[in-house]
Amino acid sequence: MRLARIATTALLLLIGGCQLIPERGLQQVVYPAPAAAYPDCRADNDPRFAFRKRVLFTRLGIRDRHQLRGLHGIETAYAKALSARLDRDSYHPVSLGSRALQTHGAIDLQGKRLSKASLIANLGRQHRAQFVVGGEIIDMAQQQSRGYYSNSFRQLPLLGNYASDPERMIVIRIDVYDASSGLLIDQETFRAWSKDSADLKPLHTLMGERFMHTALGVAMNGVLEQQNEYISTLLSCMPLQTEVERMAGSEHGVLSAGAAQGLRPGDSFKVFRPTRLAGTGKRNISQRPVGRMVLNEVYAEHALGTLESDTGATLRQGDLVRVW
């Protein structure tokens with residue numbers, strides 16, 4: 001009887017083109033990362049990029065919640081793990097895992113439903129962020145093994161343990177927004193797959209140290225690294241931008257950034273005024289230069305500056321302040 005089973009197994013392998021039995025143990029595949037929309041500008045070599053841009057990470061959306069069985073809360077834990085990867089020498093990440101970029105039920109002070117751009121701009125202003133990162137878990141469902149003869153393997157006592165573990169597909173889209181306007185800068189989708197069953201325990205803390213050593217955790221770690229590189233490269237060439245949060249007298253303005261972003265007394269920035277055209281609602285569609293602001297005092301999260309302008313323009317609340 002045992003010889004007959006071995007002979008049957010050999011015959012199946014020959015018919016299937018000598019398809020190899022999947023190796024046991026941790027298995028994961030992470031597909032190559034997509035090219036970033038903007039080239040790497042080697043920001044570390046230019047002092048203009050020395051300021052730490054504040055990036056707000058929100059909870060990921062979920063396309064199909066039924067796919068997340070055994071991974072309750074992954075949309076929040078994943079966003080926190082992604083924000084923790086961002087280089088703190090160049091960026092100031094802020095995790096807001098309890099909030100997603102969904103406009104359902106969100107209204108403004110007039111009782112009107114908020115658009116996504118308005119929601120992002122409000123979040124950016126509330127948390128003093130320059131960029132907002134969101135996204136969606138498109139797929140994280142368990143599937144049967146990839147082997148063509150996996151169903152036949154499962155019927156064989158000698159090979160059943162090789163084909164019984166399911167695979168989990170991982171497809172996550174990352175969206176990066178400009179917090180000032182609420183407009184989408186770029187988005188990319190990242191994919192991976194992994195073996196997922198025997199080494200994933202209910203007691204593992206989601207995205208914790210033990211979880212990240214499972215087959216699924218190893219695959220997610222690879223995706224996180226690609227997404228971190230993508231976000232860092234995308235935002236590296238963009239200058240630090242903040243806004244005049246409020247006025248302090250007729251000549252001084254208080255910025256929504258400070259020493260935490262690397263600002264120092266004496267720093268000089270360009271000032272721009274957002275302008276709107278009739279019929280465009282609240283969306284800023286252009287900016288005109290106003291002058292330069294020189295910082296007089298810098299605190300942890302705020303800075304006080306004075307406008308220097310050749311045209312006699314005055315500073316206003318809501319003016320944008322950029323490195324260049």
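Because the model is predicted, local features need pLDDT of at least 70 and side-chain atom pairs count only at pLDDT 80 or more, while totals for chains, interfaces and linings use all residues. Residues are numbered from 1 along each chain as its sequence is written, and side-chain values use heavy atoms, with hydrogens and water left out.

Helices (H or I, at least four residues) and strands (E, at least two residues) are DSSP runs numbered from the N terminus; two strands are taken as paired if DSSP finds at least two bridges between them. Six strands form a closed barrel in the order E9-E10-E13-E12-E11-E14, with antiparallel pairing. From one strand to the next the twist averages 45 degrees, where axes are lines fitted to C-alpha atoms, for helices over the stretch in contact, and angles run from 0 to 180 degrees between N-to-C directions. Met 247 has Gly 253 of E10 as its bridge partner.

A parallel pairing is found between strand E2 (residues 53–59) and E4, over seven bridges. Strand E4 (residues 91–100) has seven buried residues out of ten, so it is largely enclosed by the rest of the structure. Buried denotes under 20% relative accessible area, exposed over 50%, and partly exposed the range in between (1.4 Å probe, protein chains only).

Gln 261 is located in the loop between E10 and strand E11 (268–275) and is buried, at 2% relative accessibility. Its side chain makes a polar contact of 2.8 Å with the side chain of His 92. A polar contact is a pair of N or O atoms within 3.5 Å; within protein, one must be able to donate a hydrogen and the other to accept it, and residues adjacent in sequence count only if both atoms are side-chain atoms. Leaving aside residues up to four places away in sequence, Gln 261 touches Phe 51, Arg 52, Arg 54, His 92 and Glu 301, contact being heavy atoms within 4.5 Å.

Most residues other than glycine have a negative phi. Arg 128 has a positive phi, near 55 degrees; this residue lies in the loop between helix H3 (116–126) and strand E5 (131–139) and is partly exposed, at 28% relative accessibility. Phi of Met 207 is also positive, near 65 degrees. Met 207 belongs to the loop between strand E8 (184–195) and helix H6 (215–236) and is buried, with a relative accessible area of 15%.
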